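Dear colleague,

Please find the structure below, handed over for your files. My notes on it follow.

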Amino acid sequence: MKDVNCSYCGNEEALAAFGVFACELEYSNLYVFKEQSHLGRVIVAYKDHVDDFTDLNEEERNGFFRDINNVSTCLKKLYNPTKVNYGMYNDKGHHLHCHLVPKYENDPFEFGTTFEMNPKRKFATEEELAKLVEELVNGLK
Ligand SMILES: [Zn+2]
């Protein structure tokens with residue numbers, strides 16, 4: 001099931017406003033967030049247009065969270081954050097996804113507090129985005 005207006009269902013214009021596709025996971029797709037105030041910030045979006053993880057069966061839900069777990073483990077190996085924050089907000093969108101936001105104690109920006117959805121502080125260049133995608137794709141192998 002797809003929604004043509006949805007960033008995670010193939011609407012490239014909508015996606016380009018905030019992210020780039022990195023790779024397919026078993027139950028999800030991985031996107032790199034263009035705003036990189038928190039190095040390694042990514043989004044894991046479920047492969048289908050479902051509203052909430054409560055709409056999935058147990059196998060699908062476990063698969064989705066396994067994907068999130070694998071990506072988080074990869075982020076920790078690659079960038080050594082102090083913590084990874086997770087955000088699942090869907091008030092206006094209706095496609096299940098999770099923000100993974102690495103936090104670094106040596107960077108005081110938003111450490112110890114909730115991350116802003118889009119602080120518009122540090123946007124990655126095309127080269128930086130390509131490097132992040134490559135590191136993640138290789139790290140997840
Ligand atoms: Zn969708």
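Which residues does F18 touch, not counting residues up to four places away in sequence? They are S7, Y8, V32, F33, K34 and I43, where contact means heavy atoms within 4.5 Å.

Two remarks on the source come before the rest. This is a predicted model, in which local features need pLDDT of at least 70 and side-chain atom pairs count only at pLDDT 80 or more, while totals for chains, interfaces and linings use all residues. Residues are numbered from 1 along each chain as its sequence is written, and side-chain values use heavy atoms, with hydrogens and water left out.

F18 is in the loop between α1 (12-16) and β1; helices (H or I, at least four residues) and strands (E, at least two) are DSSP runs, numbered from the N terminus. With a relative accessibility of 18%, F18 counts as buried. The classes are buried under 20% relative accessible area, exposed over 50% and partly exposed in between (1.4 Å probe, protein chains only). The C-alpha atoms of F18 and F33 are 6.0 Å apart, although 15 residues separate the two along the chain.

F18 also belongs to the lining of the largest pocket, where Y8, F18, G93, H97 and H99 lie nearest the centre among 16 lining residues. A pocket here is an open set of points on a 1 Å grid over the protein atoms alone, where a 1.4 Å probe fits, with protein on both sides within 12 Å along at least five of seven lines; lining residues have an atom within 4 Å of a point. The volume is about 410 Å³, taken as the space filled by probe spheres set on the points, which are joined across faces, edges and corners. Six of the lining residues are nonpolar, eight polar and two charged. In that count Ala, Val, Leu, Ile, Met, Phe, Trp, Tyr, Cys and Pro are nonpolar, Asp, Glu, Lys and Arg are charged, and the others, Gly among them, are polar.

Cores

The largest nonpolar core has 27 residues, and those with the most contacts inside it are L30, V32, V42, V44, F64, V71 and L100. At least two residues each come from β1 (19-24), β2 (28-33), β3 (42-46), α2 (58-79), β5 (97-103) and α3 (126-139). Of these, α2 gives the most, with six residues. A second, separate core has nine residues, including C6, F18, Y31 and F33. A core is a set of buried Ala, Val, Leu, Ile, Met, Phe, Trp, Tyr and Cys residues joined through side-chain atoms within 4.5 Å.

Salt bridges

There are two salt bridges, each a side-chain nitrogen of Lys or Arg within 4 Å of a carboxyl oxygen of Asp or Glu. One joins R66 and E26, with the closest N and O atoms 3.6 Å apart. R66 is in helix α2 and E26 in the loop between β1 and β2, so this pair ties together parts 40 residues apart in sequence. R66 is partly exposed at 39% relative accessibility, and E26 is exposed at 55%. The other joins E135 and K131 at 2.9 Å, N to O; these two are four residues apart in helix α3, about one helical turn.

Positive phi

N80, in the loop between α2 and β4 (83-87), has a positive phi near 50° without being a glycine. K120, in the loop between β5 and α3, is likewise not a glycine and has a positive phi of about 50°. N80 is exposed at 62% relative accessibility, and K120 is exposed at 61%.

Regards
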